[in-house]
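Here is a briefing on one protein model, written for quick reading.

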Amino acid sequence: MCNNVGVAVSVQEAEIAARILLDQGQEHSIETPHGLLHVTVHGTGNTRRPAILTFHDVGMESKSCFSTFFKFEEMQEIVKNFTVVHVDAPGQEEGAAPYPLGYQYASMDQLAEMIPAVLQYFNFRSVIGVGVGAGAYVLSRFTLSNPDSVEGLVLVNIDPNARGWMDWAAQKISTLTSSLTEQMLSHLFSQEETSGNTELVQSHRERISKAPNLSNIELFWKSYNSRRDLNIDRNSTLKCPVMLVVGDQAPYEDAAVECNSKLDPTTTSFLKVEPMCHLLLPEIAKLVKQTCGLVYFVDCREELKFHTNENTASY
C-alpha cells in the first residue's frame with residue numbers, strides 16, 4: 001500500500017512539473033534563411049496533429065498579444081490537445097537587444113519565408129495559423145506560398161493591400177508629428193479609444209514607450225508599411241478554411257471587409273466584433289465557442305475537423 005501511495009505521489013509530482021513546463025513554454029532560437037527567430041512552444045509536441053502557430057502584430061510580441069487568449073476558458077480544450085507555437089518577429093521578443101544602426105530588417109515577404117524553417121525544426125507537417133495585424137499578413141503570405149502546410153487560418157484585422165500614395169503621405173506626416181509610440185497606438189486602437197485614453201491604451205503606451213528594443217519595433221513597423229499587395233482574388237486565393245475577425249471601427253475594418261469579398265465564401269467566415277479595439281482576443285475566444293467559427297475536435301482516429309460558419313456574423 002505504501003508503494004502505491006509513493007507511486008501516486010510520484011505521478012502527481014510529474015503531472016505538476018509537466019503543467020508548469022506547459023504553462024511556461026519552451027523557448028527556441030531557430031535559424032532561418034533570413035536570420036534567427038525566437039519561438040515559444042507550449043504542449044507535448046505531437047506532430048501527428050497540426051500545431052497552432054501564432055504571429056503577433058506590430059507594437060507587440062507573442063506574450064502581450066496571445067497569452068490572455070490562450071489562457072481563456074474557451075481555449076483550454078484546444079490548448080490541451082494541440083501544440084501551440086508562438087513566433088516572435090525578429091528582435092521583437094521580450095528582452096531582445098536592439099539591432100545596430102543601419103541593420104537591414106527582413107521584409108514582410110522574408111518574414112513569411114522564415115516560417116517553413118519553424119515547421120521543419122519541430123517536424124510539423126501542417127499548422128493552423130492565428131495572426132493579428134502584421135502577423136495576419138505574414139501568415140497569409142506564407143499560406144499562399146505553402147498551401148499544403150496550412151489547415152486553417154484565423155486572421156484578425158488583416159490588411160492585404162500595399163500602402164497607396166495617400167496612405168504613404170499620411171504615414172510620412174504622422175512620422176513627423178507623432179512619436180513612434182503614438183503611431184503604434186493608432187495602429188492598434190481605434191481613434192475613439194486613443195482619444196478616450198482608456199486604461200488599456202495607457203498600459204500599452206507605457207509598455208511600448210519603455211521597451212528597450214524600441215528601435216527594433218520601428219524596423220518592424222517600417223517593414224510592415226512597405227508590404228506588397230497580397231493579390232488575393234477568387235482565382236488566386238487562400239485554399240484553406242479562413243476565419244476573418246475585425247473590430248467594429250478598428251483601423252483596418254474596411255481592409256478586412258475587402259479581404260472577405262476576395263476569399264472563397266464557401267470556406268470563409270467573417271466576424272465583426274465589439275469592443276472596437278482589435279486587442280480583444282478574450283472576446284474572440286468567447287465568440288469562437290458560441291459561433292462554432294473555430295472549433296477543433298480530435299476524434300478516435302485523431303483527425304482534425306475544422307468547422308467554419310459560412311455566413312457573416314456581426315456582434
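Asp159 counts as buried, at 9% relative accessibility; buried means under 20% relative accessible area, exposed over 50%, and partly exposed in between (1.4 Å probe, protein chains only). Its side chain meets that of Arg227 in a salt bridge, 3.0 Å from N to O. A salt bridge here is a side-chain nitrogen of Lys or Arg within 4 Å of a carboxyl oxygen of Asp or Glu.

This is a predicted model: local features need pLDDT of at least 70, side-chain atom pairs count only at pLDDT 80 or more, and totals for chains, interfaces and linings use all residues. Residues are numbered from 1 along each chain as its sequence is written, and side-chain values use heavy atoms, with hydrogens and water left out.

**Salt bridges**

- Nine salt bridges are counted by this rule.
- Asp159 and Arg227 link distant parts of the chain, 68 residues apart. Asp159 sits in the loop between strand S6 (150-156) and helix H6 (165-177). Arg227 sits in the loop between H10 and strand S7 (242-247).
- Helices (H or I, at least four residues) and strands (E, at least two) are DSSP runs, numbered from the N terminus.
- Arg227 is buried too, with 5% relative accessibility.
- Glu253 and Lys272 form a salt bridge through their side chains, 2.9 Å from N to O. This pair also links distant parts of the chain: Glu253 belongs to helix H11 (residues 253-262), Lys272 to strand S8 (residues 268-273), and they are 19 residues apart.
- Glu253 is buried at 14% relative accessibility, while Lys272 is partly exposed at 22%.
- Lys262 bridges to Glu258, with the closest N and O atoms 3.1 Å apart. Because they are four residues apart in helix H11, about one helical turn separates them.
- Lys262 is partly exposed, with a relative accessible area of 23%. Glu258 is partly exposed as well, at 32%.

**Strand pairing around S6**

- Six of the seven residues of S6 are buried.
- S6 runs parallel to strand S5 (residues 127-132), and six bridges join them. Two strands pair if DSSP finds at least two bridges between them.
- Gly131 has Leu155 in S6 as its bridge partner.
- S6 also pairs with S7 in the parallel sense, over four bridges. Val154 stands opposite Met243 in S7.
- S5, helix H5 (residues 134-145) and S6 make a right-handed β-α-β unit. Right-handed means that, with the strands pointing away from the viewer, the path from the first strand over the helix to the second runs clockwise.

**Nonpolar core**

- The largest nonpolar core has 80 residues. Such a core is a set of buried Ala, Val, Leu, Ile, Met, Phe, Trp, Tyr and Cys residues joined through side-chain atoms within 4.5 Å.
- Val39, Leu53, Val85 and Phe220 touch the most other members.
- Helix H4 (residues 108-122) supplies the largest share of this core, nine residues.
- Phe220 touches residues including Phe55, Tyr105, Met108 and Leu111, not counting those up to four places away in sequence. Contact means heavy atoms within 4.5 Å.

**Ser223 in helix H10**

- Ser223 lies in helix H10 (residues 214-225). Ser223 is buried, with a relative accessible area of 9%.
- The side chain of Ser223 reaches the backbone nitrogen of Met108 at 3.4 Å.
- Ser223 touches Tyr105, Ala106, Ser107 and Met108, not counting residues up to four places away in sequence.

Key:
Polar contact = N/O pair within 3.5 Å; in protein donor to acceptor, adjacent residues only side chain to side chain.
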